[in-house]
Each structure stands twice: as C-alpha cells, then as structure tokens.
Amino acid sequence: MKRVLIHLRTWSRKAFSSKFLLYTNVGISLTLSGVGDIIEQHYEIYSGDMETWDRKRTRQMSISGFTVGIFCHHWYNFMDRRFPGRTVQTVLKKVLIDQTVASPINILIFFITLGFLRSASVDEAYREMSEKFVRLYTAEWVVWPPAQLINFYLLPTKYRVLYDNTISLGYDVYTSHVINHGSEAKS
C-alpha cells in the first residue's frame, strides 16, 4: 500500500507540473464530461426514457469537455497573471469576470463543438444554442460564483481545472440533460 501511495504521489507531481499541466487539465475535462453524460444516460435508462447507453453521445460530450478544457486551462492561467493575489477584492473581481466573460465563451465553445460533431448546419447549431443558452447560463450563475470564490481564494492555479471539473460533474449531468432533450425539457 505504501508503494502505491508513493507511485500515486510521484504521478501526481508530474501530472500537475507545468510540463504536463495542459494534458492533465484536458484529460480531466474530457473524462468528467463523459462521466457526467454517462450518469445522465443511466438515469434516463432507469427512468425509462432510454433503452440503452448511447456511446456516440458520450463521445460527443467528452470531446466537448476536451475543447472546453483547453480554454479553461488557458483562462485560469490568464486570470492569475492578470489579477494576481488572493485579496477579497481580487477574488470577487475574478469571479465577476469569470461569470461574465468565461462562462458565455465556455457555453459557446461547447455548442460549436457539439454542432461540429453532430454535423449540424450553422442554422441548426444557432437554433439549438439560442434555445438552450439561457438555461445553461442561468444554471452557471447558480453553481459557479460560490464555487469560484473557493477556487480563486484557496487553490493554486495548477489545481483550478481539477477543482472546476470536480464541481462541474453535477453541472455536466445537467448540461447533458439540457443538450440532449429539446427545449421542451424545463426541469
């Protein structure tokens, strides 16, 4: 057991080093976006809304996590360079900028990625985004300001995407629900 912990600690140091951090962050985002979709699909199977797991859908949600993960990695590095420190004023500024700038960009990247993966026309992708953007952005305002207060105040930059994606797992389940059910889904 001690040996396993030593290997895990060594792997963790490498994974979160500046040399591998982008790959680590993107891998985390890809994986947890897929897991969120799998959880949502299993709920849909359990509730009788689906018969079997749709692997293609999970793959598409995972790839969207990949593209958003790239953005988040660079975004957090930018925010910490542009607004260094952890004073209450700095943290509140970061949270406000994150919600008003990064959240809409993340949602846009998400929709563009899914539209591309689904071979949707520009009109189809735009229509889906216009139907679902407000729901996702409203949910972001509920979830992320409190989470980002902790993220920006307590965590070093290298752990921000890991924390973000851990919190995001529940949000990813909701996102999968919103994206994969028409605008009639109002839950």
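1. D172 is buried (under 20% relative accessible area; exposed is over 50%, partly exposed in between, with a 1.4 Å probe and protein chains only), yet has no salt bridge. The nearest side chain of opposite charge is R57, 12 Å away. A salt bridge here is a side-chain nitrogen of Lys or Arg within 4 Å of a carboxyl oxygen of Asp or Glu; Lys and Arg count as positive, Asp and Glu as negative, while His and the chain ends are not counted.

2. The model is predicted: local features need pLDDT of at least 70, side-chain atom pairs count only at pLDDT 80 or more, and totals for chains, interfaces and linings use all residues. Residues are numbered from 1 along each chain as its sequence is written, and side-chain values use heavy atoms, with hydrogens and water left out.

3. D172 sits in helix α6, residues 160-180. Apart from neighbours within four places in sequence, D172 is in contact (heavy atoms within 4.5 Å) with L32, S33 and G36.

4. The chain has 6 helices and 0 strands. Both are DSSP runs numbered from the N terminus: helices are H or I with at least four residues, strands are E with at least two.

5. Of the 187 residues in the chain, 43% count as buried. Among contacts with a separation of 6 or more, 73% come from residues 24 or more positions apart. The C-alpha atoms fill a box of roughly 45 × 45 × 30 Å along the principal axes.

6. L8 belongs to helix α1, residues 2-15. L8 is partly exposed, at a relative accessible area of 49%.
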